[in-house]
Amino acid sequence: MKWGIWFLLVSAPLWAQSPYRKHNFTVGGGAAIPGGELETYLKSSPALRVGYGYRFHKLFQVDAGLDVGFGAARIRDYYDSEFGELRIRDYQYMLPIGGRVVIPLADERVHLYAGGGTAWLKYAEVVRQPFSDSGFRIECPVCRARSGWGVYGLGGGSVALDRYGMFRLGVSAKVYRATTDGDSFGTLPAIRTRDRWVNLAGEFTISF
């Protein structure tokens, strides 16, 4: 405890002298790894991440974003529409809303952070749209979905790529825990499940 107080007292003047950028837009990619009661039914899949963070204080930031997993249920089905057979694929959407504590080091060149908040999860089958450029969309009455609320936690770090800290490269992990229910989804039956996801991603951030 004494060492923690000493660290805060010594490093506080350094933080006070360091400018920080308030708006942070992030894009990244990696893997979504299912666990909990999902482990038997879903598989690890590629994932995409986008997010925005508002750093209202040099040590604190509020976050909102979207993680999308591609094909964790391994669904490769078809919908026989009036325009022919259209492929159905599965996606896993995770919407986290929360905040983080930011620890700036080396005059803001290095950031370490941890945080968490609430999250909404939805697993959905989506039909391929053959006329996406025209804005015309085909409804999919046979597509299934399930959803639910939970929480998430995150931890990671980033390094500035330029002297002004506008561009950053980092890695982070998010752990989601939620309860979902709804339709059957791939081999997952139509029951309420306690879900866990570990999402790992490399990230590129633009700050201003």
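**Close-up views of a predicted model**

View 1. Glu 108 is buried (under 20% relative accessible area, where exposed is over 50% and partly exposed is in between, with a 1.4 Å probe and protein chains only), at a relative accessible area of 11%. This is a predicted model, in which local features need pLDDT of at least 70, side-chain atom pairs count only at pLDDT 80 or more, and totals for chains, interfaces and linings use all residues. Residues are numbered from 1 along each chain as its sequence is written, and side-chain values use heavy atoms, leaving out hydrogens and water. Glu 108 belongs to the loop between strand 5 and strand 6; strands (E, at least two residues) are DSSP runs numbered from the N terminus. Its phi is near 75°, a positive value in a residue other than glycine.

**View 2. Asp 107 in the loop between strand 5 (84–105) and strand 6.** Asp 107 is exposed, with a relative accessible area of 58%. The phi of Asp 107 is positive, near 55°. Most residues other than glycine have a negative phi.

**View 3. The largest nonpolar core, with 19 residues.** Such a core is a set of buried Ala, Val, Leu, Ile, Met, Phe, Trp, Tyr and Cys residues joined through side-chain atoms within 4.5 Å. Among the members that touch the most others are Leu 38, Tyr 123, Phe 185 and Trp 197. Strand 6 (110–127), strand 7 (145–160) and strand 8 (167–182) each give two or more residues, and strand 6 supplies the largest share, four residues.

**View 4. Contacts of Phe 185.** Not counting residues up to four places away in sequence, Phe 185 touches residues including Ala 73, Tyr 91, Tyr 123 and Arg 146, where contact means heavy atoms within 4.5 Å.
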